[in-house]
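Here is the note on this model that you asked for, arranged as numbered points. Please keep the structure open beside the text while you read.

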Amino acid sequence: MKKIALLLSFVAVISVSCSVEGPRGPIGPTGPAGPQGPAGADGLLAQIFEVEVDFTAVNGYQVMVEFPATIEVFDSDIVVAYILDGIDNGTDIWEPLPQTLFLGSDILLYGYDHTMFDIKFFMDGTVDRATLDPIFTDGLIFRVAIIPADFAASLNLADMNLVMDALQIETVARVH
């Protein structure tokens, strides 16, 4: 008898608990946002372009280059420049600016400054620039990288090849 009473009470509890449904509870709070994922391949991370420059007495050994119209530069962007220092086994060698050369007892400095609209390359130092060999003044190739500040924080900006790899850029347009 005890078994039958126990079985009937078990069946009654099961049938009541399965057939009774209460109102839906309130929606819980939104969870925290997950970490930012990497930018997509077609996302705009950075812009890079090259320019060929001649330094002369006429231009005061400085050349102003406007950023290409296709490039928008923001106050927070990082602008870095490199000079082509040579080619080794078909690979370009890029040196970050400013670049200082010691020519005997004289110093030659290649530098740059920029705004949101342009970049100015210049020569400075103790050397008499008017007597320099054209290898130091004519046909110099500069590469300019404009990188969003958040992304630039994770890069080694001193190495142009690492910057190019990180930005997944293989070819660079030359302006002027």
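1. Glutamate 52 has its place in strand β1, where a strand is a DSSP run of E with at least two residues, a helix is a run of H or I with at least four residues, and both are numbered from the N terminus. At 41% relative accessibility glutamate 52 counts as partly exposed, since buried means under 20% relative accessible area, exposed means over 50%, and partly exposed lies in between (1.4 Å probe, protein chains only). The C-alpha atom of glutamate 52 is separated by 9.9 Å from that of isoleucine 83, and the two residues are 31 residues apart along the chain.

2. Before going further, please bear in mind that this is a predicted model, in which local features need pLDDT of at least 70 and side-chain atom pairs count only at pLDDT 80 or more, while totals for chains, interfaces and linings use all residues. Residues are numbered from 1 along each chain as its sequence is written, and side-chain values use heavy atoms, with hydrogens and water left out.

3. As for the overall layout, the chain has three helices and nine strands, and along the sequence they follow the pattern α-β-β-β-β-β-β-β-β-α-α-β. Of the 176 residues in the chain, 28% are buried.

4. Which residues gather in a patch of negative charge on the surface? They are Glu52, Asp54, Asp133 and Asp138, and a patch is made of residues with over 30% relative accessible area and no salt bridge, like charges being joined within 9 Å and nonpolar side chains (Val, Leu, Ile, Met, Phe, Trp, Tyr) within 5 Å. In this counting Lys and Arg are positive and Asp and Glu negative, whereas His and the chain ends are not counted; the place of a charge is taken as NZ of Lys, CZ of Arg, CG of Asp or CD of Glu.

5. The structure holds two salt bridges, each being a side-chain nitrogen of Lys or Arg within 4 Å of a carboxyl oxygen of Asp or Glu. In one of them, the side chains of arginine 143 and glutamate 50 meet at 2.3 Å, N to O. Because arginine 143 lies in strand β8 and glutamate 50 in strand β1, this pair ties together parts that are 93 residues apart in sequence. Both partners count as buried, arginine 143 at 7% relative accessibility and glutamate 50 at 6%.

6. Aspartate 113 forms a salt bridge with lysine 120, and their closest N and O atoms are 3.7 Å apart; aspartate 113 is partly exposed, with a relative accessible area of 37%.

7. Aspartate 118, in strand β7, is buried yet has no salt bridge, and the nearest side chain of opposite charge, lysine 120, is 8.5 Å away. The side chain of aspartate 118 does make a polar contact of 2.9 Å with the side chain of threonine 115, a polar contact being a pair of N or O atoms within 3.5 Å, of which, within protein, one must be able to donate a hydrogen and the other to accept it, with residues adjacent in sequence counting only if both atoms are side-chain atoms.

Technical notes
Areas by Shrake-Rupley, 256 points an atom, 1.4 Å probe, with all protein chains shown as cover.
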